[in-house]
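Here is a short briefing on one protein model. Keep the structure open while you read.

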Amino acid sequence: MNFDSPIDRSQYPTMKWSAAFLAEQFGNENAIPMSVADMDLKAPPAVIEALHQRAAHGIYGYEFRPESQLNALAQWYQTRHGWLIDQEHLEPCPSILNAISILIDQHSEEGDGVILQPPVFFEFRMVIRSSRRKIVKNPLKLVAGSYQMDFDDLEAKAADPRNRILILCNPHNPVGRVWTEAELAQVAEICARHQVFVISDEIHGDFAFPPHRYQPFLAVPGVAEEHAATCLSPGKTFNISGIVDALAIIPHEAHRRRFHEFAHQYQINKTNVFSSAAIEAAYQHGAGWLDALLEYLGGNIQLIREFLRANPIEVSLIEPQGTFLAWLDFRELGLDAKALAKFLAQEAQIALAPGYWFGREGAGFARMTIGCPRATVQRALENLAEAVKKLV
Ligand SMILES: Cc1ncc(COP(=O)(O)O)c(C=O)c1O
């Protein structure tokens with residue numbers, strides 16, 4: 001598998017690479033685009049082939065979601081993660097955020113609290129706000145270079161009857177933690193005891209670097225199915241987010257029925273012939289490609305480690321256990337959140353997602369998407385080192 005070749009994305013309205021996006025968000029359309037969490041790498045050859053074949057057929061009329069697609073997904077989770085998914089529990093929908101938004105609506109009332117664990121994926125905030133719920137923070141703690149959940153604080157937040165939901169990011173974007181079974185069991189226990197509904201976003205589940213292992217929340221022994229749902233998507237795994245397709249896994253029958261009826265009422269349960277083709281091919285034939293990708297990402301992380309060791313520039317890497325995101329600690333540079341973002345975009349000419357996008361707990365940090373050719377990471381690091389040298 002060759003992940004080294006640069007691929008021009010400029011002929012399509014790609015969010016990450018769009019000059020308008022870079023100008024608006026970073027004030028620099030020439031900054032190296034590394035902020036959006038998609039990869040500058042081609043999807044598995046089997047996916048590309050399946051899309052070619054489907055396109056060549058020439059008729060793209062109404063179709064059912066093929067059962068073989070859900071079989072392929074279930075098979076993937078069973079063989080790769082030892083998780084036996086009951087296919088009866090699957091509810092398709094267009095995207096993870098869409099599923100989260102419906103679940104928030106169905107498991108809380110306007111004005112209720114939704115617990116988040118910042119620094120965390122910024123779109124959760126947007127979904128909570130537009131659902132007219134309140135954001136309640138259970139910040140992660142940075143202990144000796146590793147992020148931990150604050151269970152005492154979670155206990156206190158969950159005990160407040162106004163707080164109805166926890167959105168779990170498993171594995172965690174942006175800090176790269178792959179939560180362990182013991183940690184998730186503690187979350188499950190606390191939330192079930194206080195009847196807080198857990199929405200586990202597992203879009204990054206396939207990205208765990210050994211010895212770390214992705215633990216599906218619903219497969220945690222003793223998890224209370226009445227108080228949990230998981231959202232899955234092949235979007236990140238195979239770099240097919242533009243295919244736009246996701247699944248909610250809702251084990252509790254009445255909850256599932258409610259979700260199903262909503263999807264029917266708002267007609268969001270349709271399928272797309274191209275997503276059908278791509279997803280089935282990905283889950284059936286993408287394992288070897290993903291193994292190679294994980295190794296490549298490991299190499300990109302190793303490059304960052306070695307570069308920062310060889311060039312002591314007061315920037316450090318929070319060791320990622322999973323995801324294709326590197327969470328970098330710039331606090332030693334002593335810049336405030338806005339000044340750091342400006343420095344990175346204008347002086348270092350790299351478009352990283354500034355830490356404060358993920359909540360004020362992320363101030364002083366920035367997220368680099370490393371799902372790209374190694375040469376891009378190298379160039380970004382060189383830009384950074386040069387800019388830091390000028391700064392001090
Ligand atoms: C944790 C997390 N959840 C959800 C999404 C978006 O998923 P979707 O495009 O299916 O809504 C992302 C994308 O970056 C993400 O990182």
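Two strands count as paired if DSSP finds at least two bridges between them. With that in hand, Ile318 stands opposite Trp327 in E12. The model is a predicted one. The chain splits into domain 1 (19–44 + 288–391) and domain 2 (61–285).

**The four-stranded sheet**

- This open sheet has 4 strands in the order E11-E12-E15-E14, and the pairing is antiparallel.
- Strand E11 (316–318) and strand E14 (353–354) are the edges; each has a single partner strand, so one side of each lacks a neighbour in the sheet.
- E11 and E12 run antiparallel and are joined by 3 bridges.
- The two form a hairpin with 6 residues between them. In that turn, Thr323 has a positive phi of about 70°.
- Strand E12 (residues 325–329) also pairs with strand E15 (residues 365–369), in the antiparallel sense, over 5 bridges.
- In this pairing, Leu325 has Thr369 of E15 as its bridge partner, and Ala326 stands opposite Met368 in E15.
- E12 is largely enclosed by the rest of the structure, because 4 of its 5 residues are buried.
- Helix H10 (residues 287–310) lies across E11 and E12 and runs at about 145° to E11.

**Phe365**

- Phe365 belongs to strand E15.
- Is Phe365 buried or exposed? A residue is buried if 20 or more other C-beta atoms lie within 10 Å of its own. Phe365 has 25 other C-beta atoms within 10 Å, so Phe365 is buried.
- Beyond its neighbours within four places in sequence, Phe365 is in contact with Pro119, Trp327, Leu328, Asp329, Phe330 and Gly355.
- Pro354 is 11 residues from Phe365 in sequence, and their C-alpha atoms are 6.6 Å apart in space.

- The centres of domain 1 and domain 2, taken over C-alpha atoms, are 26 Å apart.
- Domain 1 gives 26 residues to the contact, and domain 2 gives 28 residues.
- On the domain 1 side, H10, E12 and E15 each supply at least two residues.
- H10 has the largest share of that side, with 3 residues.
- By class, the domain 1 side that touches domain 2 holds 15 nonpolar, 7 polar and 4 charged residues.

**The seven-stranded sheet**

- The other open sheet listed here has 7 strands in the order E2-E10-E9-E8-E7-E3-E4, with mixed pairing.
- Strand E2 (90–93) and strand E4 (134–137) stand at its edges; each has a single partner strand, so one side of each is left without a neighbour in the sheet.
- On average, neighbouring strands of this sheet are turned by 25° against each other, direction ignored.
- Strand E8 (residues 197–201) and strand E9 (residues 228–232) run parallel and are joined by 4 bridges. Asp201 stands opposite Cys231 in E9.
- Helix H8 (residues 253–265) lies across E2, E9 and strand E10 (246–249), at about 25° to E2.

**Around the ligand**

- Which residues come nearest to the ligand? They are Ala37, Ser95, Ile96, Leu97 and Phe121, out of the 13 residues around the ligand.
- The shell around the ligand has 7 nonpolar, 5 polar and 1 charged residues.

Technical notes
Residues numbered from 1 in each chain as written. Predicted model: local features only at pLDDT ≥ 70, side-chain atom pairs only at ≥ 80, totals over all residues. Contact = placed C-beta atoms within 7 Å. Axes fitted to C-alpha atoms, helices over the stretch in contact; angles between N-to-C directions. Buried ≥ 20, exposed ≤ 12 C-beta atoms within 10 Å, placed from the backbone. Domains from an automatic or database assignment. Nonpolar A, V, L, I, M, F, W, Y, C, P; charged D, E, K, R; others polar. Near = placed C-beta within 6 Å.
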